[in-house]
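Please look over the structure shown below before reading on.

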Amino acid sequence: MQIHQQMLLLKERKRGFHLITAEVLHALPQLGQIKTGILQVFIQHTSASLTINENADPTVRRDFEMYFSKTVPENDPDYHHDDEGPDDMPAHLKAALLGSSVMIPIRNGRLTLGMWQGIYLCEHRNYGGQRNLVITAWGE
């Protein structure tokens, strides 16, 4: 069994849903050594998240942002946690809904994402800053 792990620092991005598949693959070239295995991508933040979805049409990413902004609005008077501004608590809630990691099977040194799938960084803050990912691949 092989295990490879790499830290990836993502540049700051504006609020929204951003494809990061190419950055993840570039950060872990050892993926090509694994015939059968698993890749886990984990984000070390509580106000951003990860998901897998449509990688071709950018309107999907805009619709994701629209939906989550409507579903978890800013400035709700019932929020208590607002130390870092009106996008603070909504960002935590959105991250909790989407999750902090994704797992993707590896086959013959490649991710087995579907034809129209990609890995998204879901940035829920207006100014979230750089984001840290831990990328781990294991298998034979």
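In this predicted model, three strands form an open sheet in the order 2-7-4, with antiparallel pairing. The edges are taken by strand 2 (16-19) and strand 4, each of which pairs on one side only. With direction ignored, neighbouring strands of the sheet are turned against each other by 35 degrees on average.

**Sheet pairing and packed helices**

- Strand 2 and strand 7 are joined by four bridges in the antiparallel sense, and within this pairing Phe17 stands opposite Cys122 of strand 7.
- Helix 2 (residues 58-71) packs on the sheet through contacts with strand 2, strand 4 and strand 7, and its direction makes about 150 degrees with that of strand 2.
- Helix 3 (residues 88-98) likewise packs on the sheet and touches strand 2, strand 4 and strand 7, its direction making about 50 degrees with that of strand 4.

**Nonpolar cores**

- The largest nonpolar core has 22 residues, of which Ile20, Val24, Leu39, Val41, Ile119, Leu133 and Ile135 touch the most other members.
- Among the elements that each supply at least two residues of this core are strand 1 (2-10), helix 1 (21-27), strand 3 (36-43) and strand 8 (131-139).
- A second, separate core of five residues includes Phe17, Phe68, Tyr120 and Cys122.

**Thr21**

- Thr21 lies in helix 1 and counts as buried because its relative accessible area is 17%, under the 20% limit.
- Beyond residues up to four places away in sequence, Thr21 touches Leu113, Gly118 and Ile119.

Notes
Residues numbered from 1 in each chain as written. Predicted model: local features only at pLDDT ≥ 70, side-chain atom pairs only at ≥ 80, totals over all residues. Heavy atoms only, no water. Core = buried A, V, L, I, M, F, W, Y, C linked by side-chain atoms within 4.5 Å. Buried < 20%, exposed > 50% of the residue type's maximum accessible area, 1.4 Å probe, protein only. Contact = heavy atoms within 4.5 Å. Pairing = 2+ DSSP bridges. Axes fitted to C-alpha atoms, helices over the stretch in contact; angles between N-to-C directions.
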